[in-house]
Amino acid sequence: MKRIIKEVAVLGSGVMGARIAAHFANIGCKVLLLDIIPKDLTDAEKKKGLTLNDKEVRNRIVNENLKNVLNAKPSPIYHSSFSSRISTGNFEDDMKSLQNIDWIIEAVVENLEIKKEVFEKVEKFRKPGTLITTNTSGIPIHSMLEGRSEDFQMNFCGAHFFNPPRYLQLLEIIPTPKTSLDVVNFLMNYGSLYLGKTTVLCKDTPAFIANRIGVFSMMAVFKLMNEMNLSIKEIDTLTGPLTGKPKSATFRTCDVVGIDTLVKVANNVYKDCPEDEKRQLFEIPSYVNKMVVKNWLGDKSGQGFYKKSKNEKGETEILELDVNSFEYKPSGKSKFASVTATKPIENLNERLKVLHAAQDKAGEFLRKLSFYIFSYASYRIPEIADEIYKIDDAMRAGFGWELGPFETWDILGVEKIVKQMEELNLQPAAWVKEMLAKGFKTFYKIENGKRKYFDQNSFSYKEISGKDDFIILDNYRANKPVWQNVGATLHDIGDGVLNLEFQTKMNSIGSEILEAINKSIEIAEKDFTGLVIGNNGQNFSAGANLAMMFMLAAEQEYDEIDLAVRTFQNTTMRVRYSSIPVVAAPHALALGGGCEVCLHADKVQASAETYIGLVEVGVGIIPAGGGSKEMTLRASDNFAEGALEFPELQKRFMNIATAKVSTSAVEAFDLDIFKKGRDEITINPNKVIMDAKKSVIALSEKGYSKPIPRNDIKVLGREGLATLLLGAYSFRMANYISDHDRKIAEKLAYVMCGGDLSQGSLVSEQYLLDLEREAFLSLIGEKKTLERIQNILNTGKPLRN
């Protein structure tokens, strides 16, 4: 049957249920969120004269849970207006509404009997053929089918979201033997295409895939911490971004997830997996049990492995638990020679090789931890998954690892690592040794731009299914690039389309990136259909190269700065006025100069998780790569459509002056960074470059023609300038901003109002570019600006004066 999901019901409004509801609202679904009714009145309800029969009381639990989730930071929802797509109710009064629902998602407490009771009620109202899934994180899916109808069983499946559902990509799909194949295929496709998930087909085994491997890795860390006498902070240093893991590393992750949750999963694996060769590692250490008894469960209880406290100066500091004395103490800085030596190594693959070869305590820890994980993952084939890539996909998407276990093993060298493991009496599964014996040296290989995985059943490499709409630039590394310099690579991604990949630190924009953009357009204009500017890095671009600007400003090389800014402006204008379509494909951070590149593209095809804005004011300067000009131009275009002139300009002025950054791609439309009717959003981050490529082709096939430079931009002159200057003065008098902030605001106002013009006038883009460049040059040498830049380079955060 053809399924169209318009209305979704989520049963259970706890943290997961409410957040799942919010994510379905993100993609445009109408959502019904239900929960239990309260048993008692609150004091406030009693004062209002309410009874347990009043709707306000009966829906109190669901409404309060939803409100708390919607107020959470980071937000579970792309745009505040999307919350109107969620309606609430309760299990007693509103289950009858399930007859109109296309997909019912159960997300109640992790208790099999309670889930069965909920399904009993669902059966009374659910129409035949309606999709129904459970969000359990570990209860066997098949155990929920007892007493259910044949139609229920055919349309029932596990669909395990990871918390928070908006931000963590993994969606584990766990069918039972009774689940229809059509249902499984639908969920795999819908999760990827509409929910933006990495959908992984799992077997109905304890903890499924991600939690089975992820919790094992944490238990292995607990074991090694005791054996090697390492502190919590030392381990989090080694198991965080340094080795391609999230900032929360190991123990901070435990605190966020909840130590009681970790214990529950580990205990279930220990109980339900008697044949697991590493079963003993799932026994909970005594200090963890002691923490549970003390209710030191992490963030939910206010303390866990870490605890916030105030020092003698009244400043907030983070204390770590000493698991031997059970006292909290300030975290000392970890001092490992290998960590210091590898910090300058930007490439994760190369950094991992150096770290694992290190002969200090850090190197020993990382080797042992990797060996445990490699061995365990290999033995889980085919128990929890038939294909190795499913384990890697699950760990990347569910736990935020940059590389899965088998991908990491490949980088370090499979054969070499097996020998090292055997020296420590840690054996991989037999199929790994057989793979090596038959001459297969890696788990993955690239052929013709396609990634293939080693299949242990056929002893051959097979293509990974479901990835046809993904463009992963690592898969093009084996091909000769169309062009390359030290900071960027130009790839031919097929069908006459090029892709320019930034490869600098944080993908910051310096001279090498500007050269690459100009060269890419030149090559595309000669021999190709069009150009995508996009990458698969952690961020699209964190902005201009501040270190270079700081050096030039400190040495008062103003002619060099002027040349650099002109080059940047000329480059963004080249993006705008090329003879081929240029589509920007931003994701994650797209700040400052990265935003300016997007502003000048013919179209933006953005990942839903794009955080974009002109943030230069936070550094002590104004946007000067065409950003100030472009926002003035866009305000002028709205004047022409009948909008009130000053409010339109003021809105964009304030966005720049406050360094406003969108919290999603949807919000970027509100900021007029993305254009309605032109720019588009891709929910699945792995599909952004492919969708951008399709956009290039579509623009070309429509008959793309080179735009004409603008000389009809209306600026407001002195009248607008006076009002903006008064606003800056008022903010300073109220101590909302500093003297330096006021100076920046005045410079920005001067640019966006067209300078000292006696009345509103029409000006050209070049006129405004000249103004923004002059303003930039006047600010970059200021002492306060240099202090801010220095602070950002040292700490990553702007210093407010």
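Begin by selecting helix α17 (residues 405-412) together with helix α18 (residues 414-423), which pack with their axes 6 Å apart and at an angle of about 95°. Because angles from 65 to 115 degrees count as roughly perpendicular, α17 and α18 are described as roughly perpendicular to each other. Keep in mind throughout the tour that this is a predicted model.

With side chains shown, you will find Trp409, Asp410 and Leu412 on the α17 side, where they meet Val414, Lys416, Ile417, Val418 and Met421 of α18. Sorted by class, the contact of α17 with α18 has six nonpolar residues, two charged ones and no polar ones.

Next, select helix α25 (residues 645-657) and helix α28 (residues 717-733), whose axes come within 11 Å and cross at roughly 45°. That angle makes α25 oblique to α28, and the crossing in which α25 passes α28 is right-handed. On α25 the contact is made by Phe646, Leu649, Gln650, Phe653 and Met654, and on α28 by Gly720, Thr723, Leu724 and Phe731. The residues of this contact between α25 and α28 divide into six nonpolar and three polar, with no charged residue.

Now move to an open sheet of eight strands, which you can follow in the order β3-β2-β1-β4-β5-β6-β7-β8 and in which the pairing is mixed. Look for its edges at β3 (86-90) and β8 (198-201), each of which has a single partner strand, so that one side of each is left without a neighbour in the sheet. If you look from strand to strand, neighbours in this sheet are turned by 25° against each other on average, with direction ignored.

Which residue of β8 is the bridge partner of leucine 170? It is threonine 198 that takes this place in β8.

Helix α1 (residues 15-26) touches β1 (7-11), β2 (30-35), β3, β4 (103-106) and β6 (156-161), and its direction makes about 170° with that of β2. Helix α4 (residues 60-70) touches β2 and β3, and the direction of α4 makes about 125° with that of β2.

Go on to another open sheet, this one of seven strands, with the order β15-β16-β17-β18-β19-β21-β23 and mixed pairing. Its edge strands are β15 (483-485) and β23 (680-682), each of which pairs on one side only, and the twist from one strand to the next averages 20°. Strand β21 (residues 603-607) runs parallel to β23 and is joined to it by three bridges; here alanine 606 stands opposite isoleucine 681 of β23.

Finish with the aromatic rings, for which the count comes to 33 aromatic pairs. Select tryptophan 296 and phenylalanine 326, whose ring centres are 5.6 Å apart and whose planes lie at 20°, so the pair is stacked. This pair links distant parts of the chain, 30 residues apart: tryptophan 296 is in the loop between α12 (286-293) and β9 (306-310), whereas phenylalanine 326 is in the loop between β10 (316-322) and β11 (327-330).

Terms used: Residues numbered from 1 in each chain as written. Predicted model: local features only at pLDDT ≥ 70, side-chain atom pairs only at ≥ 80, totals over all residues. Heavy atoms only, no water. Axes fitted to C-alpha atoms, helices over the stretch in contact; angles between N-to-C directions. Helix = DSSP H or I, 4+ residues; strand = E, 2+ residues; numbered from the N terminus. Parallel < 35°, antiparallel > 145°, perpendicular 65-115°, else oblique. Left-handed = near helix turned anticlockwise from the far one by under 90°. Contact = heavy atoms within 4.5 Å. Nonpolar A, V, L, I, M, F, W, Y, C, P; charged D, E, K, R; others polar. Pairing = 2+ DSSP bridges. Phe/Tyr/Trp six-rings, centres within 6.5 Å; stacked < 30°, edge-to-face > 60°.
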